[in-house]
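Notes follow in the order I looked things up.

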Amino acid sequence: MVISNEGILVILFVGLIAGWLAGKIVRGTGFGIIGDILVGIAGALLASLLFPKVGIRLGTGLVSEIVYSTIGAIILLVIVRLLRTGGRW
């Protein structure tokens, strides 16, 4: 798989927005701007693997990718929060 420079910028942009949104939704677990980008990118990967397997489709385009990535990042942040606090919310 070859990713162009524009593709990398889109991934970073979507990851930034998704990580920021997830950090705002799941309060108290933000990792800073770089951490939020990484969580957003990881969330995008998680969502792209998980959602098609369970049959969830949200459409196409940049907005749907941001929604996918945000949901994946929220799932990751909740898991990290549960692991940090020993299973307590």
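Which residues does Ser-69 touch, not counting residues up to four places away in sequence? I get Val-14, Ala-18, Gly-40, Gly-43 and Ala-44. Keeping in mind that this is a predicted model, I went on from there.

**Entry: the overall layout.** I looked up the secondary structure and found three helices and zero strands in the protein chain. Read from the N terminus on, the order is α-α-α. I also checked contacts between residues at least 6 apart in sequence, and 68% of these join residues at least 24 apart.

**Entry: where the serine sits.** I placed Ser-69 in helix α3, which covers residues 62-84. Is Ser-69 buried or exposed? Its relative accessibility is 1%, and the cut-off for buried is under 20%, so I count Ser-69 as buried. I then listed the buried residues of α3: Ser-64, Ile-66, Tyr-68, Ser-69, Thr-70, Gly-72, Ala-73, Leu-77 and Arg-81. I noted that Arg-81 is on that list along with Leu-77.

Entry: With 23 residues at 1.5 Å a residue, α3 should span 33 Å, and its end C-alpha atoms are 32 Å apart, so the two agree. Just after α3, I found Gly-86 with a positive phi of about 75 degrees.

**Entry: the largest pocket.** What volume does the largest pocket have? I read about 330 Å³. Its lining counts 18 residues, and the closest to the pocket centre are Ala-44, Leu-45, Ser-48, Glu-65 and Ser-69. So much for the serine: Ser-69 is buried, and Ser-69 is also among the residues closest to the centre of this pocket. Ala-44 is in that central group too, and Ala-44 is one of the residues Ser-69 touches.

I asked which elements give two or more residues to the lining, and these are α1 (5-25), α2 (32-54) and α3. The largest share, eight residues, comes from α2. By class, I count 12 nonpolar, four polar and two charged residues in the lining.

**Entry: surface totals.** Last, I looked at the whole chain. Buried residues make up 28% of its 89 residues. The protein chain exposes about 5,900 Å², and carbon and sulfur atoms supply 72% of that area.

Terms used
Residues numbered from 1 in each chain as written. Predicted model: local features only at pLDDT ≥ 70, side-chain atom pairs only at ≥ 80, totals over all residues. Heavy atoms only, no water. Helix = DSSP H or I, 4+ residues; strand = E, 2+ residues; numbered from the N terminus. Buried < 20%, exposed > 50% of the residue type's maximum accessible area, 1.4 Å probe, protein only. Contact = heavy atoms within 4.5 Å. 1 Å grid on protein atoms, 1.4 Å probe; cavity = no way out; pocket = protein on both sides within 12 Å on 5 of 7 lines; lining within 4 Å. Points joined across faces, edges and corners; volume = space filled by probe spheres on them. Nonpolar A, V, L, I, M, F, W, Y, C, P; charged D, E, K, R; others polar. Expected span 1.5 Å × (residues − 1). Areas by Shrake-Rupley, 256 points an atom, 1.4 Å probe, with all protein chains shown as cover.
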